[in-house]
Amino acid sequence: MGGIFVLAEHRQQQLRDVTFEMLTKSRDLADKMNTTLTAVILGKNVKELAKPLTEYADKVLVVEHDLLENFVSDYYQSALVHLIDQEKPLLTMIAHSSIGMELAPRLAAALNIPLATDCIDLTFEDDRLVVTRQIYGGKINARVIVRKADRYIVTARQAAFKAQKPPRPINGQMIEVPYQPPSEEVKKRFLELVTPPPGAVDISSAALVVGIGRGIKDKSNIPMVEELAQMLGGVVGCSRPIVDKGWMPSDRQIGQSGKSIKPKVYLALGISGAFQHLVGMKGAEVVIAVNKDPNAPIFGHADYGVIDDLFKIVPALKKKIAEARGS
């Protein structure tokens, strides 16, 4: 049985969290299947970035070239086709990101390999890949048995797996692999990387998130929650209705059609807990819910729950924080 490939995703000389999430899941799979795990990193001047990957993978394949400095799917595809044909891994795992959603289908078509996308879990049973995907807008987790094949490709949802260091040191071997540019003309080209403006909030990487839902009632009440989040050293996110009303920008939305978060603490204020929202907050370590409705679905997914009006809880919490700081 072949090994497992994980494509390391990076941006602006930083490995993205999803890389370590995939490596953690793949390390567990590789150990159970008694096979090898190989991390693949493509880019320019990425040898230093590759070093942390050796803590998870048995091998780290480093492919460097000027053409790989920025993501262009044609160049990435040519590099990975060569590596997969050469190494013949049983499974290739790619993040279900803007990069993976463009690259994985092209790669699967070029190699004639079955592809399963946006997976939240995967395993092998009787040498066949079995994945878990969400269907009907996230209402149902579907267990899908992929047709039997020699090789598979999957894209893994970000924050679907928890990143953890391996229980034992791996000290994988780092191997430099020459890049073979595509023989045909490449019409795509990288223009620029558009980054969020200074001061913009990235809720997906925040350690503490305060989420607001319909219970906030009016846009004028949001500053009260922003002040609480600031006192706690966190940021404010929201459910979809708040974005639909235009009260907060779309980059603050938590859920299936928004961002997935994985803070140490998620404080949900006035959020009922629709399944679309739950999908985005499942990575939180501790969930604290405040809602007037004792039957709100959010309580079924919270570590701590407060059945009360958020307009009573938030001022009381701010007062206690101020008193604690004063003492």
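Mentor: A helix is a DSSP run of H or I with at least four residues, a strand a run of E with at least two, both numbered from the N terminus. β3 (14–15), α1 and α4 each put at least two residues into the lining of the largest pocket.

Trainee: What kind of model is this, and which residues count?

Mentor: It is a predicted model: local features need pLDDT of at least 70, side-chain atom pairs count only at pLDDT 80 or more, and totals for chains, interfaces and linings use all residues. Numbering runs from 1 along each chain as its sequence is written, and side-chain values use heavy atoms, with hydrogens and water left out.

Trainee: What makes a space a pocket, and what a cavity?

Mentor: Take a 1 Å grid over the protein atoms alone; a cavity is a set of points where a 1.4 Å probe fits but cannot get out, while a pocket is an open set with protein on both sides within 12 Å along at least five of seven lines. Lining residues have an atom within 4 Å of a point. Points join across faces, edges and corners, and the volume is the space filled by probe spheres set on them.

Trainee: What volume does the largest pocket have?

Mentor: About 1,200 Å³. It has 33 lining residues; Arg11, Arg16, Gln158, Asp202 and Ser204 are closest to its centre. α1 gives the largest share of that lining, three residues.

Trainee: How do you know what classes line the largest pocket?

Mentor: Nonpolar takes in Ala, Val, Leu, Ile, Met, Phe, Trp, Tyr, Cys and Pro; charged takes in Asp, Glu, Lys and Arg; the others, Gly among them, are polar. The lining of the largest pocket sorts into 10 nonpolar, 13 polar and 10 charged.

Trainee: How many cavities of 30 Å³ or more turn up?

Mentor: One, in a search of the whole structure. The largest cavity has a volume of about 50 Å³. Its lining is Leu7, Ala8, Glu9, His10, Tyr76 and Ile99. Four of these are nonpolar, one is polar and one charged.

Trainee: What follows α4?

Mentor: Asn112, with a positive phi near 55°. Lys88 follows α3, and its phi is positive, near 55°.

Trainee: Why is Pro263 called buried?

Mentor: Buried means under 20% relative accessible area, exposed over 50%, partly exposed in between, using a 1.4 Å probe on protein chains only. Pro263 has a relative accessible area of 0%, so it is buried. Pro263 sits in the loop between α6 (240–244) and β15 (265–269).

Trainee: Which residues of α4 are buried?

Mentor: Ile99, Gly100, Leu103, Ala104, Leu107, Ala108 and Leu111. They pack against β1 (4–7), α3 (73–87), β6 (91–95), β7 (115–119) and β11 (152–156). In α3, the buried residues include Tyr75, Tyr76, Leu80, Leu83 and Ile84.

Trainee: What makes a set of residues a nonpolar core?

Mentor: They are buried Ala, Val, Leu, Ile, Met, Phe, Trp, Tyr and Cys residues, joined through side-chain atoms within 4.5 Å. The largest core here has 40 residues; Ile41, Leu91, Leu122 and Val154 touch the most other members. Helix α1 (17–33) supplies the largest share of this core, seven residues. Apart from this core lies another, of 25 residues, with Leu7, Val40, Ile113 and Val186 among them.

Trainee: Which residues does Val154 contact?

Mentor: Contact means heavy atoms within 4.5 Å. Setting aside neighbours within four places in sequence, the contacts of Val154 include Leu91, Met93, Leu115, Leu122 and Val131.

Trainee: Where does Val235 lie?

Mentor: In strand β14 (235–238). Beyond four places in sequence, Val235 contacts Val201, Ile203, Ala206, Leu208, Val209, Val210 and Ala229. Val235 and Ser205 are 30 residues apart in sequence, with C-alpha atoms 10 Å apart.
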